[in-house]
Amino acid sequence: MGRGGRSTMRIRRLEIHDLRSFRGKRVLDFTDPVTGEARDRVVLVGSNGSGKTTVFDVVEAMLRFVVDEAPPRILDEAGLVTLTMELGRDDPEPIDVAYGKLPEGDGWEPFGPRVFEEGEFRPCAYTRGSSFEKLVLELALLVQGKADLSGGLIYFPHDRELRPVRGGTIEPPPDDRQWISRYSPANQWTGSLEQLWVWQNYLDLERSSRGEPTGELASSVELLQAVLGPGRQVVVREGRVRVSTPWNDASGKPAAVLLDQLPSGERQCVMLFGEITRRKRPHGVLFIDEPEISLHPTLQRQTLAQLRRFARKLDMQVFLATHSREIVRSVPPGEVMSLDYPESRFDAPVDEEPS
């Protein structure tokens with residue numbers, strides 16, 4: 001995949017000492033053992049409490065530390081955490097960032113934030129000219145709008161839902177240019193996906209009346225329509241967003257229902273693919289915890305296929321944490337990482353070739 005001249009990011013390795021589900025030392029290697037390159041997709045599996053969500057939260061915490069040097073509380077609970085990333089332009093180089101404590105006697109001594117430079121961990125803030133310092137300077141340009149937004153993390157935790165429309169003024173979301181974007185139903189902009197799509201439809205109508213190219217709404221709902229299947233269209237009528245159904249109404253035309261009238265699984269797809277499209281940026285990392293929420297097995301496979309399409313188009317690395325055997329069966333075995341002790345208790349027979 002060509003990564004051009006934009007800032008790129010890949011997660012290569014995570015080492016955790018004494019944190020929640022990872023008592024003792026646990027090393028998670030996300031690279032291909034043959035090529036040594038970071039995998040484009042990793043599927044984390046394991047029983048409840050095995051640490052899937054913890055992996056996502058720790059990586060996010062380490063990246064937030066990189067951004068503002070104020071690590072979230074979860075890192076203070078650990079012995080030592082080391083994250084290896086590929087960062088940079090054109091030819092990304094590995095960067096190791098560590099935070100936590102070092103073993104000393106029978107306990108742990110404070111370690112503080114460090115970056116690995118010239119064979120040893122050094123304090124991040126004082127490593128002038130290091131890869132870490134270059135990254136921090138580049139992130140400042142991204143946030144200020146002086147460079148294209150690329151790289152970084154988009155994180156969808158398992159506690160997600162399609163927000164209802166609150167009414168009021170139709171408004172687009174703010175251009176916040178966040179390098180780390182975490183979805184939270186309790187911490188969103190004051191509008192909604194429905195309001196955004198109504199606004200985009202209005203822009204399309206205005207441009208069409210002037211003979212200008214349109215496509216604002218189409219670009220936002222393309223992935224969603226592909227997941228829902230042939231004939232399922234997202235349309236705006238009388239200021240409300242509707243989705244066409246597989247059946248006809250009394251007039252013999254395809255019926256259309258409001259977003260909150262869709263089945264729970266399809267509402268999950270609306271939220272997930274609508275927000276993914278809204279937050280998209282090239283060359284970053286996408287975390288989704290339990291992508292199978294409320295989804296029928298067929299819809300799970302459709303979701304996985306469209307996530308693959310999205311990731312290839314934007315050259316993103318995708319991590320999924322799942323309890324779904326359907327998802328595990330649908331990916332090559334080398335992409336599946338079990339966090340259970342002992343390992344491989346989650347393995348499922350592969351009945352067919354992965355799509």
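Biologist: In this predicted model, at what angle do α6 and helix α7 pack?
Modeller: Helix α7 covers residues 297-314. Its axis and that of α6 are 12 Å apart. The packing angle is about 5 degrees.

Biologist: Is α6 roughly parallel or roughly antiparallel to α7?
Modeller: Angles under 35 degrees count as roughly parallel. The angle here is about 5 degrees. That makes the pair roughly parallel.

Biologist: Which residues of α7 meet α6?
Modeller: The α6 side supplies Gly 265, Glu 266, Cys 269, Leu 272, Phe 273 and Ile 276. Sorted by type, the residues of this contact are seven nonpolar, three polar and one charged. The α7 side supplies Leu 299, Thr 303, Gln 306, Leu 307 and Phe 310.

Biologist: Which residue does the side chain of Arg 278 touch in a polar contact?
Modeller: Arg 278 sits in helix α6, residues 264-279. At 25% relative accessibility, it counts as partly exposed. Its side chain makes a polar contact of 3.0 Å, and the partner is the side chain of Glu 275.

Biologist: How far apart in space are Arg 278 and Ser 219?
Modeller: In sequence, 59 residues separate Arg 278 from Ser 219. In space, C-alpha to C-alpha, the distance is 9.8 Å.

Biologist: What do the end C-alpha atoms of helix α4 span?
Modeller: Helix α4 runs over residues 193-209, which is 17 residues.

Biologist: Against which elements do the buried residues of α4 pack?
Modeller: The buried residues of α4 include Leu 193, Leu 196, Trp 197 and Val 198. Glu 194, Gln 195 and Asp 204 are also among them. They pack against α5 (216-228), β11 (234-237), β12 (240-248) and α6.

Biologist: Which residue with a positive phi follows α4?
Modeller: The phi in question is near 75 degrees. The residue is Gly 211.

Biologist: How many residues of α1 are buried?
Modeller: Helix α1 takes in residues 52-68. Its first and last C-alpha atoms are 25 Å apart, close to the expected 24 Å. The helix is mostly covered, and the buried count is 13 of its 17 residues.

Biologist: Is Val 81 buried or exposed?
Modeller: Val 81 lies in strand β4, residues 80-89. Beyond its neighbours within four places in sequence, its contacts include Leu 14, Val 58, Met 62 and Tyr 99. Its relative accessible area is 0%, so Val 81 is buried.

Biologist: How far is Val 81 from Lys 25 in space?
Modeller: The two residues are 56 apart in sequence. Their C-alpha to C-alpha distance is 9.7 Å.

Biologist: Is Trp 247 buried or exposed?
Modeller: Trp 247 belongs to strand β12. Leaving aside its neighbours within four places in sequence, it contacts Lys 253, Pro 254 and Ala 255. The cut-off for exposed is over 50%. Trp 247 has a relative accessible area of 51%, so it is exposed.

Biologist: Is Gln 225 buried or exposed?
Modeller: Gln 225 is placed in helix α5. Buried means under 20%. At 17% relative accessibility, Gln 225 counts as buried.

Biologist: What is the phi of Arg 20?
Modeller: Arg 20 is in the loop between β1 (7-19) and β2 (22-29). At 39% relative accessibility, it counts as partly exposed. Most residues other than glycine have a negative phi. Arg 20 has a positive phi, near 45 degrees.

Biologist: What is the relative accessible area of Asp 315?
Modeller: Asp 315 is placed in the loop between α7 and β15 (317-321). Its phi is positive, about 55 degrees, although it is not a glycine. Asp 315 is buried, and the value is 3%.

Biologist: What share of the residues in the protein chain count as buried?
Modeller: The protein chain has eight helices and 16 strands. Its length is 355 residues. The buried share is 50%.

Notes:
Residues are numbered from 1 along each chain as its sequence is written. This is a predicted model: local features need pLDDT of at least 70, side-chain atom pairs count only at pLDDT 80 or more; totals for chains, interfaces and linings use all residues. Side-chain values use heavy atoms; hydrogens and water are left out. Helices (H or I, at least four residues) and strands (E, at least two) are DSSP runs, numbered from the N terminus. Buried means under 20% relative accessible area, exposed over 50%, partly exposed in between (1.4 Å probe, protein chains only). A polar contact is a pair of N or O atoms within 3.5 Å; within protein, one must be able to donate a hydrogen and the other to accept it, and residues adjacent in sequence count only if both atoms are side-chain atoms. Axes are lines fitted to C-alpha atoms, for helices over the stretch in contact, and angles run from 0 to 180 degrees between N-to-C directions. Angles under 35 degrees count as roughly parallel, over 145 as roughly antiparallel, 65 to 115 as roughly perpendicular and the rest as oblique. Contact means heavy atoms within 4.5 Å. Ala, Val, Leu, Ile, Met, Phe, Trp, Tyr, Cys and Pro count as nonpolar, Asp, Glu, Lys and Arg as charged, and the others, Gly among them, as polar. The expected span of a helix is 1.5 Å times one less than its number of residues.
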